[in-house]
Amino acid sequence: MTRPDVTSTADSPRRSALGRFASPILLLAAMWLVQFADAVLPGSFTGFGLRSWNPSGLPGVFVGPLLHANWQHLIANSVPFLVLGCLVAVEGARRFWAVTAFAAVIGGAGTWLLNAPGTLTVGASGLVFGYFGYTVLRVFAPGRVSHRILYAVIAVIVIALYGGSMLAGVVGVREGISWQAHLFGAIGGGLAAFIGRSASGGRGRP
């Protein structure tokens, strides 16, 4: 006689964990697939990125994070994207996509407005900074004390690992790197920490 109830109960934590982390993994996989297609197909996809002050370039707010100038650019973004993205995804797929949307839209809008007209911006670094901003600032958002203590510990570790590179990505960046995307992506992620918590009545979930 089979016991599906026991099997289901035993598998649910594993399935839940896989479901939470599937979102950042799939989004990163999409970036790699796009870069591979860009490498083997004629032409270049980077022209679909965010072009500042050009209304026709506004779809790049959503497309631009999937595009990268070259393999080195993608590889440099992949590890922090996966690490920080998974830290956000621990709270669930819905929260991950909400933070991603805030970082993409606010980061893209700030880049579109403040970059020199005609500047083309591509890459997932705006999302990376958004996840960083969210991970650090969610400590101050409404929620259970036990959760906020855990978030504080995670924030300290994240700042220790990535704080220096994040600061360098906004202050004194070399030519060809969009500090606007970094700064406004972080602002978008930080806002998502507060708006998301407020919408849920301050009932944060791990």
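The axes of helix α4 (residues 93-114) and helix α5 (residues 125-137) come within 9 Å of each other, crossing at roughly 120 degrees. The structure is a predicted model.

**Exercise 1.** Classify the angle between α4 and α5, and state the hand of their crossing.

*Solution.* Step 1. The axes cross at roughly 120 degrees. Step 2. Angles of 65 to 115 degrees count as roughly perpendicular and those over 145 as roughly antiparallel, with oblique used for the rest; α4 is therefore oblique to α5. Step 3. The crossing in which α4 passes α5 is right-handed.

**Exercise 2.** Identify the residues through which α4 and α5 meet, and sort them by class.

*Solution.* Step 1. Step 2. Step 3. By class, this contact of α4 with α5 contains seven nonpolar residues, three polar and one charged.

**Exercise 3.** Describe how α5 packs against α6, giving the crossing and the classes of the contact residues.

*Solution.* Step 1. Helix α6 spans residues 145-168, and its axis comes within 9 Å of that of α5, at a crossing angle of roughly 145 degrees. Step 2. This crossing is left-handed. Step 3. α5 contributes Val128, Phe129, Phe132, Thr135 and Val136, while the α6 side includes Tyr151, Ile154, Val158 and Tyr162. Step 4. The contact of α5 with α6 comprises eleven nonpolar and three polar residues, with no charged ones.

**Exercise 4.** Characterise the largest pocket by volume, lining and contributing elements.

*Solution.* Step 1. The space in the largest pocket amounts to about 660 Å³. Step 2. Its lining has 27 residues; those nearest the centre are His73, Asn77, Ser125, Ile177 and His182. Step 3. At least two lining residues come from each of α3 (71-89), β2 (120-121), α5, α6 and α7 (179-199), and α3 gives the largest share, five residues. Step 4. The lining divides into 13 nonpolar, twelve polar and two charged residues.

**Exercise 5.** Carry out the corresponding description for the largest cavity.

*Solution.* Step 1. There is one cavity of 30 Å³ or more, and the largest cavity has a volume of about 160 Å³. Step 2. It is lined by 17 residues, with Pro65, Gly108, Gly123, Gly126 and Ala181 nearest its centre. Step 3. α2 (60-63), α4 and α5 each provide at least two lining residues; the largest share, five residues, belongs to α4. Step 4. Eight nonpolar and nine polar residues form this lining, which has no charged residues.

Definitions and conventions:
Residues are numbered from 1 along each chain as its sequence is written. This is a predicted model: local features need pLDDT of at least 70, side-chain atom pairs count only at pLDDT 80 or more; totals for chains, interfaces and linings use all residues. Side-chain values use heavy atoms; hydrogens and water are left out. Axes are lines fitted to C-alpha atoms, for helices over the stretch in contact, and angles run from 0 to 180 degrees between N-to-C directions. Helices (H or I, at least four residues) and strands (E, at least two) are DSSP runs, numbered from the N terminus. Angles under 35 degrees count as roughly parallel, over 145 as roughly antiparallel, 65 to 115 as roughly perpendicular and the rest as oblique. A crossing is left-handed if the near helix is turned anticlockwise from the far one by less than a right angle, and right-handed if clockwise. Contact means heavy atoms within 4.5 Å. Ala, Val, Leu, Ile, Met, Phe, Trp, Tyr, Cys and Pro count as nonpolar, Asp, Glu, Lys and Arg as charged, and the others, Gly among them, as polar. On a 1 Å grid over the protein atoms alone, a cavity is a set of points where a 1.4 Å probe fits but cannot get out, and a pocket is an open set with protein on both sides within 12 Å along at least five of seven lines; lining residues have an atom within 4 Å of a point. Grid points are joined across faces, edges and corners, and a volume is the space filled by probe spheres set on the points.
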